[in-house]
Amino acid sequence: MLANFFGKSNPANFIILFLLFLAFYIVAFFVVTSLESITVDVLIYQLVMIGLFLLLFFVFNFILSKNKLTLYNSYGFLFFVLLLGIFPFTMTNREELIVNVILLILLRRIYSLRTPKATFKKMFDSGLWLAILFILNPFTLVYGILLYGSIYLFQKLNFRTFLIPIVGFSVPMLCYFTYCFWFDDLERFLELFSWYTDYNFELYTSMEVFIPLVFIGLIAIISIILKTPKVFLVSGNYRKFWTLTLLNLLVAISLVLITKNKTGAELLCLFFPISIVLTNWIEGITKRFFQDFVLATFMVIPIVLFII
């Protein structure tokens with residue numbers, strides 16, 4: 001029944017999944033907030049957060065549908081929302097949420113390089129958005145690997161295509177340098193290139209993080225192992241998209257590992273590639289009963305984690 005319902009993509013599914021997200025968000029909010037501390041400012045802040053998530057969902061669904069990363073269904077969006085419910089602390093950090101909205105905008109340009117239309121503009125835009133991300137979070141520079149990986153897979157990597165993203169990257173960087181120089185705050189600019197991290201993973205040793213993280217990781221690995229051989233038997237862009245998605249996952253894992261001052265919110269960058277991987281796996285399951293079982297299991301996990 002679940003597979004049949006979410007196996008379609010329509011506005012009703014989007015509304016239901018958004019309501020499911022709101023339920024997760026409200027529960028996560030009241031876990032850390034008492035009724036006495038709720039003020040008008042707090043409510044406005046939460047509305048802004050929900051608006052940012054709505055924008056995040058819109059860009060997420062746009063990338064999936066425009067680039068045909070999944071079939072015409074709601075599995076990808078469902079997994080994305082369920083991952084938010086499984087890791088509720090990813091919904092409370094505004095700065096990390098803004099970074100991930102911009103990250104998805106960057107990914108939209110990177111994945112759109114599959115078509116030969118306005119490729120130079122897409123490369124320039126990708127470099128520009130990467131620079132904005134770099135200013136907000138210097139460690140996101142690792143997504144430059146994904147950008148050049150996309151150019152290599154879908155376009156021709158030569159001196160021009162190598163240089164164009166760098167030119168796009170330099171525009172926001174030059175503006176930010178000028179701003180810091182004008183206000184005599186060059187130290188802030190130089191801090192962007194201080195990439196020291198303490199590699200403190202104590203947060204991930206807690207049971208509420210470690211157990212679901214291991215479970216999701218194992219399912220993702222199984223999905224990749226089962227799906228990859230079938231993908232490489234198919235010629236065309238689908239094989240390239242799968243390669244780019246796996247590279248996206250590796251880059252996201254790298255970002256999580258090197259991020260300084262880990263709060264758990266950095267896991268949000270993993271949800272996009274993991275949702276695509278899980279969706280492609282469940283699309284390949286022929287038995288509807290097993291599809292329902294997998295979906296039901298994922299839907300129960302947030303509830304179980306909240307209870308325990």
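**Exercise 1. Aromatic pairs**

Task: State how many aromatic pairs the structure holds, then classify the pair Phe79 and Phe298.

Solution. 
Step 1. The structure, a predicted model, holds 33 aromatic pairs. Rings of Phe, Tyr and Trp (its six-membered ring) pair if their centres lie within 6.5 Å; planes under 30 degrees apart count as stacked, over 60 as edge-to-face and the rest as tilted.
Step 2. Between the rings of Phe79 and Phe298 the centres are 5.2 Å apart and the planes stand at 80°, so this pair is edge-to-face.
Step 3. Phe79 belongs to helix α4 (residues 75–86) and Phe298 to helix α13 (residues 288–307), so the pair ties together parts that are 219 residues apart in sequence. Helices (H or I, at least four residues) are DSSP runs, numbered from the N terminus.
Step 4. Phe79 has a relative accessible area of 1% and is buried; Phe298, at 2%, is buried. Buried means under 20% relative accessible area, exposed over 50%, partly exposed in between (1.4 Å probe, protein chains only).

Two conventions apply throughout. Residues are numbered from 1 along each chain as its sequence is written, and side-chain values use heavy atoms, with hydrogens and water left out. In this predicted model, local features need pLDDT of at least 70 and side-chain atom pairs count only at pLDDT 80 or more, while totals for chains, interfaces and linings use all residues.

**Exercise 2. A second ring pair and the loop beside it**

Task: Classify the pair Tyr148 and Phe162, and say where Lys156 lies.

Solution. 
Step 1. The ring centres of Tyr148 and Phe162 are 5.2 Å apart and the planes are at 35°, so the pair is tilted.
Step 2. Tyr148 is in helix α7 (residues 143–154) and Phe162 in helix α8 (residues 159–182), so parts 14 residues apart in sequence are tied together.
Step 3. Phe162 has 41% relative accessibility and counts as partly exposed.
Step 4. Lys156 sits in the loop between α7 and α8. Its relative accessible area is 64%, so Lys156 is exposed.
Step 5. Leaving out residues up to four places away in sequence, Lys156 touches Ile151 and Thr161; contact means heavy atoms within 4.5 Å.

**Exercise 3. Helix α12 and its partners**

Task: Describe how α10 and α11 cross α12.

Solution. 
Step 1. Helix α10 (residues 207–231) and helix α12 (residues 271–283) have axes that come within 9 Å and cross at roughly 55°. That makes α10 oblique to α12. Axes are lines fitted to C-alpha atoms, for helices over the stretch in contact, and angles run from 0 to 180 degrees between N-to-C directions. Angles under 35 degrees count as roughly parallel, over 145 as roughly antiparallel, 65 to 115 as roughly perpendicular and the rest as oblique.
Step 2. The crossing of α10 and α12 is left-handed, meaning that the near helix is turned anticlockwise from the far one by less than a right angle.
Step 3. Residues making the contact include Ile216, Ile219 and Lys227 of α10 and Ile274, Val277 and Trp281 of α12. By class, the contact of α10 with α12 has nine nonpolar, two polar and one charged residues. Ala, Val, Leu, Ile, Met, Phe, Trp, Tyr, Cys and Pro count as nonpolar, Asp, Glu, Lys and Arg as charged, and the others, Gly among them, as polar.
Step 4. The axes of helix α11 (residues 237–258) and α12 come within 8 Å and cross at roughly 135°, which makes α11 oblique to α12. The crossing of α11 and α12 is left-handed.
Step 5. Among the residues that meet are Tyr238, Trp242 and Leu249 in α11 and Phe272, Pro273 and Ile276 in α12. The contact of α11 with α12 divides into 10 nonpolar, three polar and no charged residues.

Key
Helices (H or I, at least four residues) and strands (E, at least two) are DSSP runs, numbered from the N terminus.
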